[in-house]
Amino acid sequence: MNTITIIKTYINNTMSGFNKFLAFIAIALCVTSSLTHANTIEDIQYTTLQGNRLQIAISMSESAVKPLSFTIDNPARIAFDFADTNSTLPKRPQAVGIGITQSVTTISAKDRTRVILNLTEVVPYQVTTEGKNVLITLDSEATSGTSFADAAAATNQEEMNAEDAGSRY
């Protein structure tokens with residue numbers, strides 16, 4: 001016997017008339033209030049960090065819980081699944097255009113919401129929670145000690161050295 005059947009049997013056997021009605025209303029309010037306490041994604045903000053990293057802050061209506069996540073190599077994406085969560089954000093992709101992050105898409109279905117980061121390449125990332133925020137920090141290919149500018153300068157220097165070597169022969 002499930003819980004609803006037990007409660008229904010108890011109400012039918014012990015209460016009558018108006019008391020049954022009040023019990024039904026009380027149960028309905030309890031069920032409704034538990035459904036409305038689902039967390040909600042309210043906003044997404046982006047911040048560049050030192051070392052060519054990007055931090056994505058997902059603001060929630062309630063205390064943040066670390067989402068499950070997985071990566072896809074082709075096309076490069078990271079997906080985050082938020083259980084018991086809905087979203088007030090639009091479902092269409094929102095352009096980001098910072099570093100390797102092209103856009104973010106938020107999709108809600110039944111009792112969960114998936115946030116998808118569309119990237120130019122898959123990179124290491126960390127997920128933490130801070131109050132009502134989920135913080136996703138994306139590393140970059142150049143995080144290991146050189147900046148994008150340093151990498152570009154090194155590439156230009158290699159090209160100039162190759163040209164010099166070619167002009168000597």
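Q: What volume does the second largest pocket have?
A: In this predicted model, the second largest pocket comes out at a volume of about 160 Å³.

Q: OK, and which residues line the second largest pocket?
A: The lining is made up of Asn39, Met60, Val65, Lys66, Pro67, Leu68, Asp81, Phe82, Ala83, Thr85 and Arg112.

Q: How many of those lining residues are nonpolar, polar and charged?
A: Sorted by class, the lining of the second largest pocket holds 6 nonpolar residues, along with 2 polar and 3 charged ones.

Q: Which strand gives the most to that lining?
A: That is strand 4, which spans residues 77–83 and supplies 3 residues to the lining of the second largest pocket.

Q: Switching topic to aromatics, how many aromatic pairs are there?
A: The count comes to 1 aromatic pair, and the partners are Phe80 and Tyr125, arranged edge-to-face with 5.7 Å centre to centre and 85° between the planes.

Q: Where in the chain do the two partners sit?
A: Phe80 belongs to strand 4 and Tyr125 to strand 9 (residues 125–130), so that the pair, with its members 45 residues apart, links distant parts of the chain.

Q: Is Phe80 buried or exposed, and why?
A: Phe80 is buried, because its relative accessible area is 0%, which falls under the 20% cut-off for that label.

Q: What about Tyr125, what does it count as?
A: Tyr125 counts as partly exposed, because its relative accessibility is 24%, and that label covers the range between 20% and 50%.

Q: Now Thr40, which strand is that in?
A: Thr40 lies in strand 1, which runs over residues 39–49, and at 13% relative accessibility Thr40 counts as buried.

Q: Which side chain does the side chain of Thr40 make a polar contact with?
A: The partner is Asn86, whose side chain is joined to that of Thr40 by a polar contact of 2.6 Å.

Q: And leaving aside its neighbours within four places in sequence, what is Thr40 in contact with?
A: With those neighbours set aside, the residues in contact with Thr40 are Ser59, Met60, Ser61, Thr85, Asn86, Ser87 and Thr88.

Notes. Residues numbered from 1 in each chain as written. Predicted model: local features only at pLDDT ≥ 70, side-chain atom pairs only at ≥ 80, totals over all residues. Heavy atoms only, no water. 1 Å grid on protein atoms, 1.4 Å probe; cavity = no way out; pocket = protein on both sides within 12 Å on 5 of 7 lines; lining within 4 Å. Points joined across faces, edges and corners; volume = space filled by probe spheres on them. Helix = DSSP H or I, 4+ residues; strand = E, 2+ residues; numbered from the N terminus. Nonpolar A, V, L, I, M, F, W, Y, C, P; charged D, E, K, R; others polar. Phe/Tyr/Trp six-rings, centres within 6.5 Å; stacked < 30°, edge-to-face > 60°. Buried < 20%, exposed > 50% of the residue type's maximum accessible area, 1.4 Å probe, protein only. Polar contact = N/O pair within 3.5 Å; in protein donor to acceptor, adjacent residues only side chain to side chain. Contact = heavy atoms within 4.5 Å.
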